[in-house]
Amino acid sequence: MHKRGEYETGNKRILWKLILNFLLIGFFLGILFIYWFGIFNKTNFGSKGNSNFNPSNLTTRMQFYENMRYADSRISYKIEDCPLQKENDIKFAFEILENKTPLEFYSVDKNEEISVTCDSHVKLDGGLFIAGEGGPTNITKSGNFNLISKGKILLLRDSECKTPNIAIHELLHALGFEHSPNPRNIMYNISNCQQEIGEDTINLLNVLYSIPSRPDLVLENVSALVHGRYVDANLSIRNNGLINAKKSSVEFYVDDEYVKSFEVRELAPGYGISIELTNIQTSDLNINKLRFILNYPDEELDKKNNEIELKNID
Ligand SMILES: [Zn+2]
């Protein structure tokens, strides 16, 4: 039992000791406060799988490479080894992007495009906690696109925000987006709850995924040599589109007269074949014009690049 009077009349040293203890406790509570609310809200994002990307223009570029996208606006995913909260976080992140862009995410049991995994182990980078990792893991250059066929998301920390900021950040990495230098952007490398998805990010996703999911066969590198009634020709056919091109055929005309056609096998996006034709006989003794027409039975991104004409320049 202590009476109020005892402190006032007692040894002043006890009073000072009490004040010192009080200050010390306050100091430790303060440190703890900074630890929980300071450091924990600043979590660093790793970006595994991107270490070999060579940034060339950090100020205007948003993606690791130009025009990165998946083949279709419907992207498959599989979530593995995730506790309920993280599973909900990534599903909520899918939903948020679905509401703002043409993207749709659907769950599959195997051969998923985006693999989502979780780990409760703490990872550090430069004294900061890594919140997660994400990025494309398989990219093919196809025409103007850098086609992503596989992406990966690793969620390490739960999001403490109303919106699942960490999951959105890693999902955008998996969609090809780089870090933003703007601290208010969700792609900034240190997370906080006030960050938002950039308007430019949404715009780019809208532009990229408004392009239909089609192949685009192109005739390239055509050259020919005419000797008398015979023609030697070289040409290549490439699929610059977003999905596989079925079998197609190329027709060869000499001065508007059909000579022959040849079949072209299926081509995956980004792939092409070279064809060498030698000593094709024609009935024409004065050849002026050679024409190659690529016939594709289905829709393409562009049909205008399916024909090439060579004229005699003598
Ligand atoms: Zn990041």
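Two strands are said to pair if DSSP finds at least two bridges between them. Helices (H or I, at least four residues) and strands (E, at least two) are themselves DSSP runs, numbered from the N terminus. By these rules, strand β11 (residues 230-239) and β14 pair in the antiparallel sense over 8 bridges. The structure is a predicted model, in which local features need pLDDT of at least 70 and side-chain atom pairs count only at pLDDT 80 or more, while totals for chains, interfaces and linings use all residues. Residues are numbered from 1 along each chain as its sequence is written, and side-chain values use heavy atoms, with hydrogens and water left out.

The two strands belong to an open sheet of 3 strands in the order β10-β11-β14, with antiparallel pairing. Because β10 (217-227) and β14 (272-281) stand at the edges, each with a single partner strand, one side of each has no neighbour in the sheet. From one strand to the next, the twist averages 15°. In general, strands of a sheet pair through backbone hydrogen bonds, either parallel or antiparallel.

The protein chain as a whole has 5 helices and 16 strands. Buried residues (under 20% relative accessible area, with exposed meaning over 50% and partly exposed in between; 1.4 Å probe, protein chains only) make up 40% of its 314 residues.

Where does the zinc ion sit? Its coordinating atoms are NE2 of H169, H173 and H179, at 2.0 to 2.1 Å. Donors here are N, O and S atoms within 2.8 Å of the metal (3.2 Å for Na, K and Ca), and sites may look incomplete because water is not among the atoms. Along the sequence, the donor residues follow the spacing H-x3-H-x5-H. H169 and H173 are separated by about one helical turn, because they are 4 residues apart in helix α4 (residues 165-174). An α-helix has 3.6 residues a turn, so residues three or four places apart point the same way. Both H169 and H173 are buried.

Helix α4 is largely enclosed by the rest of the structure, because 10 of its 10 residues are buried. Helix α3 (residues 84-100) is one of its neighbours: the axes of α3 and α4 come within 8 Å and cross at roughly 65°. These axes are lines fitted to C-alpha atoms, for helices over the stretch in contact, and angles run from 0 to 180 degrees between N-to-C directions. At this meeting, D89, I90, A93, F94, I96 and L97 in α3 meet A167, I168, L171 and L172 in α4.

After α4 comes G176, with a positive phi near 100°. E178 lies in the loop between α4 and α5 (199-208). Is E178 buried or exposed? At 17% relative accessibility, E178 counts as buried. Beyond its neighbours within four places in sequence, E178 is in contact with R61, M62, Q63, F64, H173 and M187, and H173 is one of the zinc-coordinating residues.

Most residues other than glycine have a negative phi. N67, although not a glycine, has a positive phi of about 45°; N67 is found in the loop between β1 (43-44) and β2 (68-70) and is partly exposed, with a relative accessible area of 27%.

Technical notes: Contact means heavy atoms within 4.5 Å.
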